[in-house]
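Here is my note on this model, written as numbered points. Keep the structure open beside the text and find each place as you read.

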Amino acid sequence: MYITTDRNSSISLNEISYQMYQLISELYPICRSITGDGLRTTLDIIQKYIPLVVHDIPTGTQVFDWTIPKEWNIRDAFIKNLQGEKIINFHESNLHIVNYSINIHEKMLLQDLKAHLFTLPDRPDWIPYRTSYYQENWGFCLSHNQLLELKDEVYEVCIDSSLENGCLTYGEYYIKGKKADEVLISCHTCHPSLCNDNLSGLALATFLAKYLSQISPYYSYRFLFIPGTIGSITWLALNEANVNKIKHGLVVTCVGDSGKSHYKKSRQGNAEIDKAVTHVLKNSGQDYEIMEFSPYGYDERQFCSPGFNLPVGCFMRSPHGTYPQYHTSADNLDIVKPQYLADSFSKILSVLDIIENNKKYLNQNPKCEPQLGKRGLYSAIGGQTDTKKSEMAMLWILNFSDGNHTLLDISEKSSLEFDLIKKTADTLLQFNLLKETT
């Protein structure tokens, strides 16, 4: 399947979806966190596809009400029984370790060890994902069935990790457009072996950036590959003077599963990005859901905090916490499928096409309808599959091109496809019946 955008470029959705899936597969084994070598390795791999600029922000740096934490790295972790068998092994699944666990090497009774073990009794075969970012602690995650098999004996517990002064690392990629105004695309890069949340968002953002870098967009684009929460807070603190350039934005997450598309509106609620995503989903022919903004979720809550209130929404399929595999070992390579990645990619690209082309025009012949026949406009649109729709598009555009209505406004009012409205406006522009407003 190929799609052709208004930028006169065709891409193979099938090809790009399998490339996204391959990138997810490559990144899947890496133990990532909000800091550390795993995150840097992830950014190194992304740099094979796009020229990321990598930023290192030192531990202790104040970013608004937060402080850059110590850097965490882990080399090994296990629990051994009396026979010396590793019954829990970090190298078999990096979810076995509570992320940010401190260094420990002790022997202890099962009754003492249990206070540091985490399971999912209702999903007895799955390993949960747990973190302890801002409180020094340690722990192991395991399946509930594994817990039930533990004997009442002494165990050797080892976590070979470091929590030291270092840095928080994030990646940034800027694509210069015809305008300095920016579209922000953000994804979180801090989760370990979890595919939908959020290797899917990371892979989609990577290939979206790669595609946009090969064309000449109207807007400039800024892609952020950041650890969740602290990453967006850090970027905003370091770039506060320039955030006024951001005119549209999307946080991209959980875009590879079989769930219907969801969109969480920006705090503004009626921003152009909100209208564009709603339009695309409404006309997709598929089930979807539009969610109102709430101050809980992903990094949109930082971009939309009242001191910034940026027009940034969140695009996803199944939202966080609504699918059973969320934050468990079952969020693996089986839950993410190329066809769902392709669908998400196509929809976001359609949103950006609207944003890129959603201009305002002035009717150059505003007093009554212009005579279209004598200008050859009917022949100009001849051969289209639905000539009547094209004629109606001309009438709608001419009537509402008053400098106040965008093409998306006209598309919504007329219930005609945005692509038809855009192509018809281009034709009217060629016949000097429209003038673009500044």
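1. Start with cysteine 187. This is a predicted model, and in it cysteine 187 is buried, with a relative accessible area of 0%. Which cysteine sulfur is closest to the sulfur of cysteine 187? The one in cysteine 190 is, at 9.9 Å. That is too far for a bond, because a disulfide needs two cysteine sulfur atoms within 2.5 Å.

2. Now look at cysteine 314. Cysteine 314 is buried too, with a relative accessible area of 0%. Its closest cysteine sulfur belongs to cysteine 254. The two sulfur atoms are 7.8 Å apart, so they are too far from each other for a bond. How many disulfides does the structure hold? The count is 0.

3. Where is cysteine 254 found? Look in the loop between strand E15 (246-252) and strand E16 (261-264). Its relative accessible area is 0%, so cysteine 254 is buried. Its phi is near 50°, a positive value in a residue other than glycine. Most residues other than glycine have a negative phi. This one deserves a look in the viewer.

4. Histidine 327 lies in a loop, between strand E18 (312-316) and helix H9 (338-357).

5. Next comes a peptide bond. Most peptide bonds are trans. Which two residues does a cis peptide bond join here? They are aspartate 197 and asparagine 198, and omega is about 10°. Asparagine 198 has its place in helix H5 (residues 195-212).

6. Follow H5 to its partner, H9. Two packed helices are described by the angle between their axes and the distance between the axes. The axes of H5 and H9 come within 11 Å and cross at roughly 50°. The crossing of H5 past H9 is right-handed. On the H5 side, the contact is made by Ser200, Leu204, Phe207, Leu208, Tyr211 and Leu212. On the H9 side, Leu341, Ser344, Phe345, Ile348, Leu349 and Leu352 take part.

7. Helix H11 (residues 387-400) and helix H13 (residues 418-430) have axes that come within 9 Å. At what angle do the axes of H11 and H13 cross? The angle is roughly 70°. H11 and H13 are therefore roughly perpendicular to each other, because angles from 65 to 115 degrees count that way. From H11, the residues that meet H13 are Lys389, Ser390, Ala393, Met394, Ile397 and Leu398. They meet Leu420, Ile421, Thr424, Ala425 and Leu428 in H13.

8. Turn to the sheet. It is an open sheet of 4 strands, in the order E7-E6-E11-E8, with antiparallel pairing. Which strands are at the edges? They are strand E7 (86-89) and E8, and each pairs on one side only. Neighbouring strands of this sheet are turned by 20° against each other on average, direction ignored.

9. Zoom in on E11. Strand E6 (residues 71-80) and strand E11 (residues 154-164) pair in the antiparallel sense, over 9 bridges. Within this pairing, asparagine 73 has serine 162 of E11 as its bridge partner. Strand E8 (residues 104-109) runs antiparallel to E11, and 6 bridges join the two. Lysine 107 has glutamate 156 in E11 as its bridge partner. For leucine 109, the partner in E11 is valine 154.

10. Finish at leucine 39, which is found in helix H2 (residues 37-46). Is leucine 39 buried or exposed? It counts as buried, because its relative accessibility is 1% and the cut-off for buried is under 20%. Leaving out residues up to four places away in sequence, leucine 39 touches Arg32, Ser33, Ile34, Thr169, Thr189 and Pro227. Leucine 39 and proline 192 are 153 residues apart along the chain, and their C-alpha atoms are separated by 9.0 Å.

Methods
Residues numbered from 1 in each chain as written. Predicted model: local features only at pLDDT ≥ 70, side-chain atom pairs only at ≥ 80, totals over all residues. Heavy atoms only, no water. Pairing = 2+ DSSP bridges. Buried < 20%, exposed > 50% of the residue type's maximum accessible area, 1.4 Å probe, protein only. Contact = heavy atoms within 4.5 Å. Axes fitted to C-alpha atoms, helices over the stretch in contact; angles between N-to-C directions. Left-handed = near helix turned anticlockwise from the far one by under 90°. Parallel < 35°, antiparallel > 145°, perpendicular 65-115°, else oblique.
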